[in-house]
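The selections below are to be made in turn.

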Amino acid sequence: MNNIRNNQYKVFARKYRPQGFDQLIGQEFLVKTLSNAIKYERLAHAFILTGVRGVGKTTTARILAKGLNCIGENGKGNITLQPCGICNSCKDISNGRHIDVLEMDAASNTGVDDVREIIENSSYKPISSRYKVFIIDEIHMLSKNAFNALLKTLEEPPDTVKFIFATTEIRKVPVTVLSRCQRFDLKRVSIHELDALLIKICSIENIKSEKNALKIIARASEGSVRDALSLLDQANALCKSDISENLVLKMLGKVNDEKIANVTHLCLDGNISEAVKSYNEIIQNGADPGFILSDILDVIHLSTLKTIGVEKLEIHEILEDYIIKLSNFGISKLGRAWQIIINGFSEIKIAPNTKIAVEMILIRLANISTLPTPSEIIYALENDEKSE
């Protein structure tokens with residue numbers, strides 16, 4: 001049994017989980033604020049971390065708990081943002097068995113009795129560490145009565161108690177709780193930062209990858225580090241440590257950016273037959289019709305940003321020429337195309353055949369694209385009146 005446990009494969013999301021704030025990517029504001037709070041001894045008694053899935057909320061909570069209780073290699077260390085990871089306190093927190101650091105999942109412990117247990121526990125001093133830390137994940141799942149029971153202790157906790165809350169639904173947390181906490185909004189990690197992380201991990205793991213394959217994974221993860229590492233794990237298993245762009249696209253049910261941009265350009269140019277032909281070729285290669293529509297939206301969005309002069313867009317080199325061409329259609333036509341595609345999503349939900357539904361949406365887009373925009377019609381009418 002021990003051999004099985006020792007040989008058990010550890011997924012990348014767990015293997016490369018940050019153990020210190022220096023390993024946490026994309027959250028510079030949080031790290032700087034906490035650094036100054038420790039430096040000037042202005043550390044709050046309660047923190048609430050919010051953000052989308054996989055950006056590091058629970059990881060940050062555990063690192064902070066380690067930093068609060070780390071005693072260093074020599075046993076004389078103080079509060080730090082760089083826990084040593086060697087002392088018994090750091091090891092026990094990393095392994096989830098520290099007696100003074102209690103983690104609770106509010107999704108499965110929603111009631112008053114669960115919170116009352118925390119309140120009673122907070123009245124006792126830490127047994128073996130500097131602070132008693134309560135980490136409550138998905139705190140928005142607590143019941144109204146549970147929140148009310150927590151308020152008094154949260155407002156005036158003992159000096160040796162710290163609360164760290166994490167949630168993906170900050171708007172569901174009562175204002176009375178938010179006002180008692182120091183709030184940190186963890187942002188989505190940029191494609192550039194995720195791509196750099198994936199390249200680093202591939203180097204460590206001796207995984208070969210095509211240049212654009214990792215960028216596709218980074219883009220598909222939508223700013224979530226955990227999603228990016230999970231997709232890398234999946235791609236590695238699929239490609240046998242030689243990750244190719246084509247296999248990643250098939251794995252995600254997506255299609256090459258160039259082909260998507262080409263379909264978008266054909267539609268906006270009013271070339272209905274070629275647009276439908278190109279769409280069907282993409283479908284033949286196994287792409288998901290819904291993803292095609294979503295990818296077209298991304299291309300329209302990038303083209304609109306280019307039109308209004310936004311610089312430093314995170315786009316693939318192949319897309320640059322297409323984005324420039326599409327931006328020349330102007331904001332009015334790009335905006336109209338956006339509305340047609342957005343409305344199309346509600347149609348494909350009720351359509352019996354998604355492929356046909358998307359095809360009809362693209363035909364409509366290509367047909368309408370040749371018509372003048374409202375501003376062009378007004379301009380033409382005004383000129384007619386002047387000529388008369």
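The tour passes from the sheet to its helices and then to one residue.

This is a predicted model, in which local features need pLDDT of at least 70, side-chain atom pairs count only at pLDDT 80 or more, and totals for chains, interfaces and linings use all residues. Residues are numbered from 1 along each chain as its sequence is written, and side-chain values use heavy atoms, with hydrogens and water left out.

**The sheet.** Display the strands (DSSP runs of E, at least two residues, numbered from the N terminus). Five of them form an open sheet in the order S2-S3-S4-S1-S5, with parallel pairing; pairing requires at least two DSSP bridges between two strands. Strand S2 (101-105) and strand S5 (182-185) are the edges, each pairing on one side only. Neighbouring strands are turned by 15° against each other on average, direction ignored; axes are lines fitted to C-alpha atoms, for helices over the stretch in contact, and angles run from 0 to 180 degrees between N-to-C directions.

Next, select residues 46-50 and 161-167: strands S1 and S4 pair in the parallel sense over five bridges. Phenylalanine 47 has isoleucine 164 in S4 as its bridge partner.

**The helices.** Helix H3 (residues 28-39) lies across S1 and S5, at about 150° to S5. Helix H7 (residues 144-155) lies across S1 and S4, at about 135° to S4.

**Isoleucine 135.** Finally, select isoleucine 135 in strand S3 (residues 132-137). Is this residue buried or exposed? Isoleucine 135 counts as buried because its relative accessibility is 4%, where buried means under 20% relative accessible area and exposed over 50%, with partly exposed in between (1.4 Å probe, protein chains only). Beyond its neighbours within four places in sequence, its contacts (heavy atoms within 4.5 Å) include Ala61, Leu102 and Ile164. The C-alpha atoms of isoleucine 135 and leucine 102 are separated by 6.1 Å, at 33 residues apart along the chain.

Conventions: Helix = DSSP H or I, 4+ residues; strand = E, 2+ residues; numbered from the N terminus.
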